[in-house]
Amino acid sequence: MTIPSYLDLRSKTRARDRSLRDKVMSLEEAAALVADGDSLAIGGCTASRTPMAMIWALIRAGRRDLEVSRSIVSTEGDLLYASGVSRHIITSWFSQGIVWGVSKVMRAYTETKRARFEEWSHMAMGLRYRAGAMGVPFMPMRSMLGSGVLDRAEGAKTMECPFTGETLLLVPALNPEVAIIHVQRCDAYGNARIDGLTFMDIDMAMAANKVILTTERIVSNEQIRRHPDQTKIGFFTVDAVVEVPFGSAPHECYGLYEPFYSHMDLYAQMTSKDPDAGAQAYLDRFYHGPKNWADYLSRIGMAELLDAQRRGSGIYDD
Amino acid sequence: MTTERARVSLSVAPVYTGSELLAVMSARLLKDGQTVFAGVGIPLLAAILAQKTHAPGLTILFEGGVIGPFVEAGKLPPSTNEQRCSRRANMLVSITEVLLLLQRGYVDVGFMGGAQIDRFGNLNSSFIGDAENPKIRLPGTGGGNDIASLADMIVAMKHEKRRFVEKVDFITSPGFLDGGDTRAQAGLPAGGMFRVVTDLGILGFEAESRAMTVLALHPGVSADDIKANTGFDLPVPDDVEVTQAPTMDELAILRELDPERLYTA
């Protein structure tokens, strides 16, 4: 792995239009901002605030060979492998979720070497994005040392601390070409508020050369300006805003909907016996088949959607 | 399994599953006032059980970025990253910040499950078989490596010969590496394995060699049982303690927490 030169990183930022301007577009238009072979960071974690609609659009657009990174990867990783959108995923943990066991699709692709799962510790992933966000080439840390994870982590180095003489691990910066992040609300310029868990999204937005936000709804800039302390991702880092209700389905979006558990069970069932055929059947039915995002949600089903919404918004009920 | 035997021979005592036994025995190791970094599954259940019994002042941390939550009965999260984890939390932070609390030294106990463990408490959750050509690609470390590198560890897992091996196929989360002071030499001066809780007993690590040893056996489990289910030579002292079986109260709390038996089946 190579760390991009600092001046290149800065010049890419300089070249962007960082002005306070309307960036609202469609999923299809936003997908065109991602090129084959790009490095792509995915916001959220496991089955939470996954920018599923953007992933759905990238799969439908037939993007190829993206180098994907995320804190923890769930079903979306399976689908990125199975669609050919990515053959290389960098993360700390990869499976649908503890209750569903080890992902059969991830196993099928990695064990036959059709795809690569590059493993780093969770904190290493976080500090790699943070280094990227800070404009420094690495961050020092005190885990992964002595482990097999370190032996296989491409680009990690140990050093003797010049102050204390201790052994420290240095993890290289991640500056993804594009970050895709789903939020509960933002304005047309990309000022985003995030409810609940922010995961690694704020560092990720700062680290990336381009940010695509999908949002449950677009609010006015006036509303953002009334509480600027609540803005978690600033407009100057954002290149595209796409309004997509239920944009994380069947994963959760804090305070709005929980994971669509029956649908997650259906996915596990479809991919358990024959992971390859199962994943393709799932892609056909839910990714390539639907006319649009609303049709995708219809195929998942109104009952599931209402149930997930009832459970999700329930946290504000007491 | 020995748990089955416990069920049969102690017919007056409460009936419980292996997972419930793990959760109860692990919960008892947690002390009031501690800060515990817990994984999902048995560690989560055990931490909540401790909170609801002898350790009301236990602070739970989840790697999703949650500090001091009180997870609701019947609404267990599918991972440590969904909103159910954040229920009645004191503070939500980013993943990176909550993991940095480990590095800063705010965490007393790291608590997680294990797929494969060896004599020196090294854990594998990455590969079964050779890492280059694995028989099974497992999900990986998540926060496991960070927790095991930076906190005193309790691991809860099933006691089976294939899981308790001489040397793990791959060190995902470090225990005492090759024993002795090799952990500190690798750059990990803090933390390390404290206890391994299984459905057969409670294990610790010798002070010098750092090799696994038996501290206590669960009711109905013999020294031969635990040796037969371990893939390396595991010393059992003659005067080994016997744990007290889970009580009706402890089991009732667990069953209320996990009515669908997501984690305790």
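**View 1. The second largest pocket of this predicted model has a volume of about 400 Å³.** A set of 23 residues lines this pocket, and A:M1, A:T2, A:S39, A:E67 and A:L174 are the closest to its centre. Two or more lining residues come from each of α1 (6-15), β1 (39-42), β2 (67-69), β3 (88-91) and β4 (116-119) of chain A. Of these elements, α1(A) gives the most to the lining, with three residues.

**View 2. The largest pocket has a volume of about 1,300 Å³.** Here the lining is made up of 47 residues, and those nearest the centre are A:I98, B:V40, B:G113, B:G114 and B:A115. On chain B, α2 (18-29), α3 (42-52), β5 (109-113), β7 (123-124) and α5 (144-150) each give two or more residues to the lining. By class, you will find 23 nonpolar, 20 polar and four charged residues around this pocket.

**View 3. Three strands of chain A form an open sheet in the order β5-β7-β6, with antiparallel pairing.** β5 (138-141) and β6 (157-160) of chain A each have a single partner strand, so they stand at the edges with one side lacking a neighbour in the sheet. On average, neighbouring strands of this sheet are turned by 35 degrees against each other, direction ignored.

**View 4. Let's step in to where β5(A) meets β7 (residues 167-172) of chain A, an antiparallel pair with four bridges.** Across this pairing, A:M141 stands opposite A:L169 in β7(A). Helix α6 (residues 122-134) of chain A lies across β5 and β7 of chain A, and runs at about 140 degrees to β5(A).

Key
Residues numbered from 1 in each chain as written. Chains lettered and ligands numbered in written order. Predicted model: local features only at pLDDT ≥ 70, side-chain atom pairs only at ≥ 80, totals over all residues. Heavy atoms only, no water. Pairing = 2+ DSSP bridges. Axes fitted to C-alpha atoms, helices over the stretch in contact; angles between N-to-C directions. Contact = heavy atoms within 4.5 Å. 1 Å grid on protein atoms, 1.4 Å probe; cavity = no way out; pocket = protein on both sides within 12 Å on 5 of 7 lines; lining within 4 Å. Points joined across faces, edges and corners; volume = space filled by probe spheres on them. Nonpolar A, V, L, I, M, F, W, Y, C, P; charged D, E, K, R; others polar.
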